[in-house]
Amino acid sequence: MVDAAKQSASEKPYLSIANIVKKFGDTTAVDGVTLDIQRKEIFALLGSSGCGKSTLLRMLAGMERPTAGQIILDGQDITKLAPYDRPINMMFQSYALFPHMSVADNIAFGLKQDKMPKGEIDARVAEMLDLVQMRKYANRKPYQLSGGQQQRVALARSLAKRPKLLLLDEPLGALDKKLRQQTQLELVNTLESVGVTCIMVTHDQEEAMTMATRIGIMSEGQLLQVGTPAEIYDYPNCRFTAEFIGDTNLFTGPVVVDEPDRVEIEAEELGGRIWIDHGITGPKGMQVWASIRPEDVRVDRDPVAAGPNAAKGSVAEIAYFGSYSVYHVKLGSGKVLKAMVPVNRWHEANLEPPTWGDQVYVSWRADMPVVLTR
Amino acid sequence: MNIQRLFKRLKPGRGAVISIPYFWLLLFFLVPFFIVLKISFAEQDLAIPPFTSLMNLEEGGLLHLTLNLGNFDFILSDDFYAKTYLSSLQTALFTTLMCLLLGYPIAYAIARTDPARRNVLLMLVMLPFWTSFLLRVYAWMGLLNENGLINSFLLGIGLIDEPLMLFHNDFSLYLVMVYAYLPFMILPLFSHLVKMDGRLLEAASDLGAGPIKAFFTITLPLSKNGIIAGSMMVFIPAVGEFVIPELVGGPDTLMIGKVLWNEFFDNNNWPMAAAVATVMVLLLIVPIAFLHRFETRQLEGKGNE
């Protein structure tokens, strides 16, 4: 009994967002989001611009007041708390460093608000400067720093108060691509070494996949799917997620066969049936979508056995990426199917790679497609 | 390479553009100042113009240079001038402070409203400039004097039994001074405050600073240059203000502008008036130059530590 109680207490989420709604006039920016975050998690809210992810983040920071719903952090209801009373700090997009203060003063700012003794402030600032390797620059002003250095100062400033929750708004959005990739892992290492619970907002799926332990996909104010990067990529639960994360081919049609061991979808655009090796729960005849990743599509020059999960087409486009190529195969219906083919696929079979206009045959295994009902 | 060549080709043109304001300043500020300086070293004379010339070419080719330091000596020895300068600076300082205290919240509020309404509010600040300055001062006279609109109204509704002394005292002086100079404070302050990044205040709030604390630690320091610019725009002309103290000030209001007027028009003593003006310019330039040097040093210094 006691053990069970303990168990359930420790499983209680660290941060619990319950049915949060935010309306600006007639438009609903965040439409009933419910989300639980565990301690020390790095969670990424991923979505295109205007999907409500930034508004959700600003409600966590206290800069927007929710229209409805509740936010509980570590057992405390913080829904109506002012930003300056929350044990939450944020790293702003483009950093919002105070231009009239030195790096050290920027980091010390939050600590001074807490009336921390000066000796402790100095010690904490030094610790933070070491954490982000910026000790040499303690007396510089923000405008004297490069973009990457500013990002590190902003991180140090937001971590200085040891917040219960750290919010990152497009943390690397202001950096150029090469620096961004390098900084991603550096940032994750820092966050993990500090052991802070963290929610980041990004529109960059690669950034979310690299940095986060779990990802939440947002669109039009709603949280569509939550899961680890692998779960979301392998088992998208809707068309939006399937298309937003990675690349995919979607076919639609009614379910014509639904047995425990297989589903068959009559896909008009394919000119045949899609066969999937597991059953679904839903009425027969229901309209569904099948998502097939380009890397799961096999391209052959010779005809393959006619049947489900196969079609004939011609090469409309080839995009060469070095180790692999993406073939755009135009099917009889006019639908273009993308197939990712490793370069050595042809060398191993001792074949000439197909070129523009060539007739090819595409096919995939029955365990590859994912059935989507929305 | 190409850009360098472009700059080289542009150079004479750029020089010409930059030289225009310099030429303007030289012609209309520096040259007149040296003329005033020259007159201040002359003596009063019954002639046209009413002062002696400094240089005389005497017989035998002897160039005679006469510098009369008497005017400056008189200014320094008679404490009437010291008092007047002090009182002018005091009046200007108080006017500047009042303009700052009133103008800052106004400029802040305008900078914070949405851009559509902002222009209307700015227009309202500038609207008084469409009427002549002198007319506006006369309008105040009509409002404030013993039989003026304010007193008539208050007497009419029976709130007071005898007219309030609103006119020809320090109250009316400061009221009209602040009224006249307020836009010069609001406009530079506004232009600094409107550029301020709102996310800095969000960041301050996020780090635990309440609205008041955030104002004093972020907004105020970041608008420092606007405060300095606005204060200069008010303080410098206010020191030499003549019309307002003359028309609405009290009988014992001592302002250097009035002394200048008296020396120039009543006593017809151009050299004395020129000396008074020269001392005033020096009194203003020294602190400004000092402030400027302090500013640049602060800008350059901090980063290199």
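How many residues does helix α3 of chain B have, and how far does helix α3 of chain B reach from its first C-alpha to its last?

## Basis of the report

This is a predicted model, in which local features need pLDDT of at least 70 and side-chain atom pairs count only at pLDDT 80 or more, while totals for chains, interfaces and linings use all residues. Residues are numbered from 1 along each chain as its sequence is written, and chains are lettered from A and ligands numbered from 1 in the order in which they are written.

## Helix α3 of chain B

Helix α3(B), residues 79-112, has 34 residues and reaches 48 Å from its first C-alpha to its last, close to the 50 Å expected at 1.5 Å a residue. The expected span is 1.5 Å times one less than the number of residues. Helices here are DSSP runs (H or I, at least four residues), numbered from the N terminus.

At Gly103(B), α3(B) bends by about 30°; the bend is the angle between axes fitted to the seven residues ending there and the seven starting there. Pro105(B), a proline, follows within four residues.

## Packing of α3 and α10 in chain B

Helix α10(B), residues 224-239, and α3(B) have axes that come within 9 Å and cross at roughly 145°. Such axes are lines fitted to C-alpha atoms, for helices over the stretch in contact, with angles from 0 to 180 degrees between N-to-C directions. Residues taking part include Leu89(B), Cys99(B) and Gly103(B) of α3(B), together with Ile227(B) and Phe235(B) of α10(B). Contact requires C-beta atoms, placed from the backbone, to lie within 7 Å.

The residues of this contact divide into 10 nonpolar, 7 polar and no charged. Ala, Val, Leu, Ile, Met, Phe, Trp, Tyr, Cys and Pro count as nonpolar, Asp, Glu, Lys and Arg as charged, and the others, Gly among them, as polar.

## Packing of α5 and α6 in chain A

Helices α5(A), residues 147-159, and α6(A), residues 177-194, pack at an angle of about 20°, with their axes 12 Å apart. The two are therefore roughly parallel to each other, a term for angles under 35 degrees. Gly148(A), Gln151(A), Leu155(A) and Leu159(A) in α5(A) meet Leu179(A), Thr183(A), Thr190(A) and Val194(A) in α6(A). By class, this contact has 4 nonpolar, 4 polar and no charged residues.

## Where the chains meet

In chain B, 18 residues are in contact with 18 residues of chain A. Helices α8 (198-206) and α9 (211-222) of chain B each supply at least two residues of the side that touches chain A, and α8(B) gives the most, with 6 residues. This side of chain B has 7 nonpolar, 4 polar and 7 charged residues.

Notes:
Parallel < 35°, antiparallel > 145°, perpendicular 65-115°, else oblique. Contact = placed C-beta atoms within 7 Å.
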